[in-house]
Amino acid sequence: MSSHALTTPPTDELREFFTDRFVSEGAELDHVSRDESRYSPEGTALAAVFPETTEEVSTALQWANRNGVTVSVRGTGTGLSGGALAYADGLVISLERMNQIDWIDPVNRLSKVQAGVINARLNQAAAEHDLFFAPDPASAEISTIGGNIATNAGGLRCVSHGVTRDSVASLEVVLADGSILHTGARTIKNVVGLDLTSLFVGSEGTLGVVTSATVRLKPIAPGTPRVFRASFDSIEDAGRAVTAIVNGAQKPEVLELLDARSVQIIEQYKPSGLPANGSALLIGQFTGLHAEASATETTQLCREFGATEAIIAEGDSLLEARRLANPALSAKGLRVSCDVAVPIGELATIFHGIDEISAARGLEVSVVAHAGDGNLHPTVEADDTPEGYAAAEVVIDDITRLALKLGGTISGEHGIGMVKQAELPLQIDSATRHAQQLIKNALDPKNILTPGRGI
């Protein structure tokens with residue numbers, strides 16, 4: 001069955017139900033039809049609704065399913081894969097008003113939140129109980145918990161705390177037909193039935209709409225965190241240092257890498273004192289009572305692998321500078337990027353390979369990486385023309401194929417969306433894709449939920 005209605009259905013029912021939380025034209029509809037990817041909406045949406053409860057999401061999906069209207073789902077639109085873009089004559093469900101923290105249970109280190117809660121806001125609330133929510137995307141100040149769950153987001157703390165899936169205990173999900181289901185439990189151990197929680201985390205809105213989640217919190221480490229930075233004349237040497245650090249005795253909470261061009265662009269965007277010398281800058285953080293000793297030992301290790309400078313600092317200024325990478329690159333016009341990941345031991349190899357690809361294609365490539373978990377975000381320069389973007393996409397394809405050759409993946413945290421649809425067959429065989437489609441068909445037989453994306 002087609003994912004689009006054969007005729008445009010009347011929206012009177014939705015308009016009457018959602019009243020001032022229904023829009024069918026104008027700037028607000030245009031705004032919620034887009035995300036932060038380099039792609040544009042597939043057409044003009046029929047309407048957008050702004051539910052505040054799970055039951056209201058159910059009402060919207062019942063209407064869409066009954067009328068065969070394609071649905072896109074969004075939080076604050078910070079996604080980079082095009083997964084939340086509107087469909088022509090589709091319905092946009094924006095969860096930004098579902099922004100309540102229902103409760104925090106400090107004894108069991110759990111919190112129940114609606115999908116539209118901002119990541120940083122949950123951390124602010126949890127900090128009052130000396131707890132924190134571990135998933136830490138660079139967009140934490142503006143991205144939602146629901147969006148983090150939809151893409152199984154990672155971020156700066158992945159090297160020590162894992163991805164979003166590792167912090168989700170249970171979910172409330174609305175299926176395409178409007179039925180509401182609950183997954184998981186509040187317990188640490190739970191082996192009852194299939195693990196539907198893990199199935200929906202990272203499903204990018206293709207299987208159901210996550211409206212609420214019970215997430216796991218962790219205790220804030222005692223003592224004063226210590227941040228270190230190390231400059232390298234060779235990005236390959238920096239990659240080898242990362243491998244040594246990850247396999248060493250001291251375990252950083254954060255371990256990030258910026259190449260020289262990324263540092264320059266960030267400093268132009270918002271000066272923060274990042275050193276301009278060298279080819280690569282490694283930034284890491286240790287927490288706990290032994291943070292100072294761990295940072296000292298790690299800076300020495302960096303020097304052994306060729307660091308020309310290695311210092312230790314207090315505060316988060318270096319990490320905040322790292323979080324500016326994406327907005328800084330976007331402001332510079334560098335929007336053609338990818339989100340590959342490789343095994344830690346292959347970091348030096350892929351950095352060398354990216355340099356070779358850049359030279360062969362004659363285009364500059366900037367690299368920012370969650371180096372501690374092998375997740376790289378290479379960004380390619382491109383003229384603001386169709387030809388310029390096409391040339392940059394060729395470089396992205398080369399880098400993606402190299403990552404796969406090294407045992408990596410086409411996406412570490414941003415998801416597939418529209419941007420990576422063409423790359424899926426490079427990593428997932430036909431039998432696996434067929435199995436995923438069978439699950440999709442079972443949960444969404446009319447194919448109204450984010451069709452043609454994610455899987």
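How many bridges join S17 and strand S18 (residues 375–380), and in which sense do the two pair? The answer is 6 bridges, in the antiparallel sense. Before we go further, a word about the model: it is predicted, with local features needing pLDDT of at least 70 and side-chain atom pairs counting only at pLDDT 80 or more, while totals for chains, interfaces and linings use all residues. Residues are numbered from 1 along each chain as its sequence is written, and side-chain values use heavy atoms, with hydrogens and water left out.

Helices (H or I, at least four residues) and strands (E, at least two) are DSSP runs, numbered from the N terminus. Two strands pair if DSSP finds at least two bridges between them. Strands of a sheet pair through backbone hydrogen bonds, either parallel or antiparallel.

Let us stay with S17, which covers residues 365–370. In this strand, 6 of the 6 residues are buried, where buried means under 20% relative accessible area, exposed means over 50%, and partly exposed lies in between (1.4 Å probe, protein chains only). Val-365, Val-367 and Ala-369 point one way, Ser-366, Val-368 and His-370 point the other way, and all are buried. Toward S18, Val-367 stands opposite Pro-378. The hairpin of S17 and S18 has 4 residues between the strands, and there Gly-374 takes a positive phi near 80°. S17 also pairs with strand S13 (residues 254–259), in the antiparallel sense over 2 bridges; here Val-368 is the bridge partner of Leu-258.

Now step back to the sheet that holds these strands. It is an open sheet of 7 strands in the order S15-S12-S14-S13-S17-S18-S16, with antiparallel pairing. Strand S15 (307–313) and strand S16 (336–337) stand at its edges; each has a single partner strand, so one side of each is left without a neighbour in the sheet. Elsewhere in the order, strand S12 (residues 226–232) and strand S14 (residues 280–286) pair in the antiparallel sense over 7 bridges, and Ala-230 has Leu-282 in S14 as its bridge partner.

Not counting residues up to four places away in sequence, Gly-388 touches Ala-382 and Asp-383.

There is another sheet to look at, an open one of 4 strands in the order S1-S2-S4-S3, with mixed pairing. Its edge strands are strand S1 (22–23) and strand S3 (71–74), each pairing on one side only. Strand S2 (residues 47–49) and strand S4 (residues 91–94) run parallel and are joined by 3 bridges, with Val-49 opposite Ile-93 in S4.

For the record's view, an unreviewed UniProt entry lists residues 41–220 as "domain: FAD-binding PCMH-type"; positions follow the numbering used here, feature names are shortened, and annotations may be inferred rather than shown by experiment. Over residues 41–220 the chain is 22% helix and 25% strand, and the end C-alpha atoms are 41 Å apart.

Most residues other than glycine have a negative phi. Asp-130, however, has a positive phi of about 60°; Asp-130 lies in the loop between helix H4 (119–127) and strand S7 (131–132) and counts as exposed at 53% relative accessibility. Glu-204 has a positive phi too, near 60°. Glu-204 sits in the loop between helix H7 (196–200) and strand S10 (209–216), and at 12% relative accessibility counts as buried.

How values were computed. Contact = heavy atoms within 4.5 Å.
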